[in-house]
Amino acid sequence: MKKIILLFAMMIAVAGVQAQSVHKLYAVPMQVSGNSNITWNESTKQFSVTAAGSNTYDIFSFPAGTLSKYAKIHISIANTTDRVLFMKGTEKAFTWSGFGSTGQKDQTLVGLNSNSQTLSAETIATITSIRIAGPESGTISTPYTIGFDPSATYLETASCEAMEITTTINSSSTKDTPFAWTATGTLSTIENNFGKTTSAVLFGYSSNNDAEHGIFDVTGYDRVQVKLNSYDSSKNKEIRLLAGTGSDHLTFSALENVTTYEKPIASFTTCSSIKAGQGASDSQDVTSIVFSKYFGTAETTAFSIAASASSTIAYDREFTAGRKCTVCLPFSLDKTEMESYGAFYYLNSVNNGNLEFMKASNSVSAYTPYIFVPNSSGKLFANLTNKAIVASPGQTMQKQVGNGAWTFQGTLAHVASLTQAGNTLYGWNAENGNFVKVGSNVSINAFRAYITGPAESGEGSVKSLTAVFNDDATTTAIQQVQSAPVSKAMYNLAGQRVSDSYKGIVIKNGKKMIVK
């Protein structure tokens with residue numbers, strides 16, 4: 001097996017530029033939060049307001065704290081009497097009005113000013129919904145409209161790197177796709193009636209909706225979206241996702257001319273059936289239920305998600321052809337996929353004073369740390385379809401070698417300061433393509449990896465360990481890292497081991513020397 005050993009030149013600080021992109025959460029007309037003084041028309045993209053007061057309509061909804069992830073709001077409404085309300089539960093926390101004839105666009109949330117009020121970061125952290133509203137007082141003799149385009153109304157994050165996963169249940173779904181149903185007792189035969197309106201059951205079964213008879217896991221997903229082919233006023237107006245345990249169901253009220261609904265699902269973790277309203281015999285023409293998860297790799301709460309057999313993945317990290325980096329992904333790659341993206345190396349052993357990385361030959365495993373050498377540049381995992389997601393592991397994602405003295409450690413969250421008592425830590429340098437010993441206050445994002453080695457000791461301790469890549473045809477510099485006992489092994493400049501009688505330039509314990 002060919003080995004290419006590349007030499008440490010000098011110690012440098014861990015560095016590297018993260019991919020920069022934005023995430024947009026688009027508005028969806030969700031529900032009337034006042035009364036019938038305001039209605040939404042999907043075909044004309046207009047709200048119709050018939051009276052002052054009690055005329056508010058939710059367009060965003062999320063758990064408190066979620067809005068803090070977003071930096072801007074993009075919205076455009078034209079009437080001077082229209083309002084956008086930032087709600088803390090049922091309490092009005094901030095009113096944005098005075099739009100004028102041109103509306104408002106791309107407004108920064110923190111510091112947004114209206115009517116001598118300023119939207120603060122503290123207030124933003126408490127917001128649970130954003131609403132469109134007509135005038136608060138006065139007389140409306142004839143209805144007027146508020147033009148509103150959901151596709152042009154969104155919240156936008158600051159530049160960041162992130163992974164978004166969407167998983168769809170539709171007419172082709174089964175008890176094993178995309179989510180596998182399980183039961184503590186006997187799993188009932190499930191029905192799939194997507195696209196039909198003659199049954200109350202959309203997906204699941206008509207009775208015994210509980211963990212004993214069958215549920216599927218949606219832990220970790222942030223939002224769920226219900227899509228209709230069309231609204232039918234003669235059919236039942238509710239779509240219910242029944243919780244597998246407890247009574248924390250998700251209920252969507254079908255509204256006239258509305259075909260898409262969306263809600264946050266932070267506390268909704270298991271589903272036992274998807275059905276029409278209680279006691280109904282028919283349902284709206286539902287085409288799909290879409291679960292989604294958005295995760296910024298700088299988030300400090302660990303990534304967690306349930307398993308699925310078929311999902312769409314958008315990981316917007318930027319890669320550079322031939323430039324080594326670390327990865328620890330929540331999905332696997334088969335041999336064909338792996339080879340199409342590049343070469344993956346796992347920590348295999350510590351031999352003769354060398355930290356040895358071996359090239360993966362058959363597949364890439366989920367939640368396993370690798371050194372990745374991309375074949376091409378760009379966001380290589382930005383549009384993966386029909387991919388299986390592996391459930392987040394309960395154990396630490398790591399590869400240990402040398403009787404546990406050395407560890408290649410994966411990450412599922414942003415670590416603000418790498419520390420691990422009793423170990424020496426090494427981070428991957430994206431600029432120079434090598435490992436470097438790190439001190440305190442060095443951070444690392446999710447879906448990456450770093451190395452921990454034995455703690456440094458007195459003068460008798462080993463000075464260095466050379467990292468070696470097996471079956472690696474690239475020529476990036478590999479940093480020496482701290483090691484166990486000093487090796488007597490010597491290598492020539494071609495990376496071949498030589499005997500003690502060899503004369504010339506050799507590499508021993510990561511250092512060049514001349515043997516005469």
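Biologist: Is Trp 428 buried or exposed in this chain?
Modeller: Trp 428 counts as buried, because its relative accessibility is 8% and buried means under 20%. Keep in mind that this is a predicted model.

Biologist: Where does Trp 428 sit?
Modeller: Trp 428 lies in strand E34, which covers residues 423–429.

Biologist: How far is Trp 428 from Val 438?
Modeller: Their C-alpha atoms are separated by 9.6 Å. Along the chain, the two are 10 residues apart.

Biologist: Let's zoom out. How many helices and strands does the chain have?
Modeller: The chain has two helices and 41 strands.

Biologist: And what share of the residues is buried?
Modeller: Buried residues make up 50% of the 516 in the chain.

Biologist: What share of contacts joins residues 24 or more positions apart?
Modeller: They account for 75%, counting contacts with a separation of 6 or more.

Biologist: New topic: sheets. What is the strand order in the open sheet with E4?
Modeller: The order is E4-E5-E14, three strands with antiparallel pairing.

Biologist: Which ones are the edge strands?
Modeller: Strand E4 (38–41) and strand E14 (144–147) are, and each pairs on one side only. From one strand to the next, the twist averages 25°.

Biologist: How many bridges join E4 to E5?
Modeller: Four bridges join E4 to strand E5, residues 46–49, and the two run antiparallel.

Biologist: Which residue in E5 stands opposite Asn 41?
Modeller: Gln 46 stands opposite Asn 41.

Methods:
Residues numbered from 1 in each chain as written. Predicted model: local features only at pLDDT ≥ 70, side-chain atom pairs only at ≥ 80, totals over all residues. Heavy atoms only, no water. Buried < 20%, exposed > 50% of the residue type's maximum accessible area, 1.4 Å probe, protein only. Contact = heavy atoms within 4.5 Å. Pairing = 2+ DSSP bridges. Axes fitted to C-alpha atoms, helices over the stretch in contact; angles between N-to-C directions.
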